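Thanks for sending this one over. Could you have a look at the model alongside my notes below?

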Protein chains: 2
Amino acid sequence: MSDTIIKKLKFDDKGLIAAVIQDVDNNEVLMLGYMNEEAVRRTLKGPYVTFWSRSRRKYWVKGETSGHTQEVKEIYFDCDQDALLIKVKQNIAACHEGYRTCFFRKIEGEDKPVKIVGQRLFDPEKKYNK
Amino acid sequence: MSDTIIKKLKFDDKGLIAAVIQDVDNNEVLMLGYMNEEAVRRTLKGPYVTFWSRSRRKYWVKGETSGHTQEVKEIYFDCDQDALLIKVKQNIAACHEGYRTCFFRKIEGEDKPVKIVGQRLFDPEKKYNK
């Protein structure tokens, strides 16, 4: 029956759909990822968000190595049926650079330097380069 | 100097970058749109969000005909430099179907019907088909 939902969705010419990941607790936007049909199916089954990694060309259960999982809480799709919004329970941090959200760089203006917002929750050097 | 910011961003093979639009007041995710370099430049200048409409192949100042504008308040970009997060003051509603957010359909489960969440703030039949 999940095919009924999946058939409603429009995947692009690469077979992908964008998925906005939002913190279910404070509504912070954590990241934007991409899913193919099977990744959507796996995410619907849960308990964790599964993306299709465009760079590594494989399924990617977010947090499978880092432990920084995203537990699926609510799933929405948009009016054009070509984007998903997934509310998750985020463990520790979404960003591999150590920040809670991947959107940690703020554009302050055309002629101003980029501003880092938020605190690092872990040191990526220590986490990934052991 | 905005080119400095724009040069940091990675546009895809169609010259586009995804932009998550979020309500600055309540953090609701309103929509996902796409921008080319010039649309990013126009959005940086403000006051309103400008997309590149993939279907109509033209610049699209959101709300220019409906009045449902999105006033730019904060702009972020992500760790991969291939997505934007833009916090806006949304006038009336983001969705052309009359809902505040384009993500008004909730997937309740694999074997359950889609649930409409939220109330219509305007009737799209009356708004667009005069």
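Here are my points, in numbered order.

1. This is a predicted model, in which local features need pLDDT of at least 70, side-chain atom pairs count only at pLDDT 80 or more, and totals for chains, interfaces and linings use all residues. Residues are numbered from 1 along each chain as its sequence is written, while chains are lettered from A and ligands numbered from 1 in the order in which they are written.

2. On confidence, chain A has a mean pLDDT of 93, with 96% of its residues at 70 or more (pLDDT is the predictor's confidence in each residue, from 0 to 100). For the complex, the predictor gives an ipTM of 0.95 and a pTM of 0.95.

3. Now the contact: 29 residues come from chain A and 29 residues from chain B, counting two residues as in contact if their C-beta atoms, placed from the backbone, lie within 7 Å. On the side of chain B that touches chain A, S5(B) gives the most, with four residues (strands are DSSP runs of E, at least two residues, and helices runs of H or I, at least four, numbered from the N terminus).

4. S5(B) also pairs with strand S7 (residues 105-107) of chain A, in the antiparallel sense and over three bridges; pairing requires that DSSP finds at least two bridges between two strands. Lys106(A) has Tyr76(B) as its bridge partner in S5(B).

5. Finally, please look at helix H2 (residues 37-45) of chain A, where Ala39(A), Val40(A) and Thr43(A) are buried (20 or more other C-beta atoms within 10 Å of the residue's own, all placed from the backbone). Just after H2(A), Gly46(A) takes a positive phi of about 75°.

How values were computed: Buried ≥ 20, exposed ≤ 12 C-beta atoms within 10 Å, placed from the backbone.
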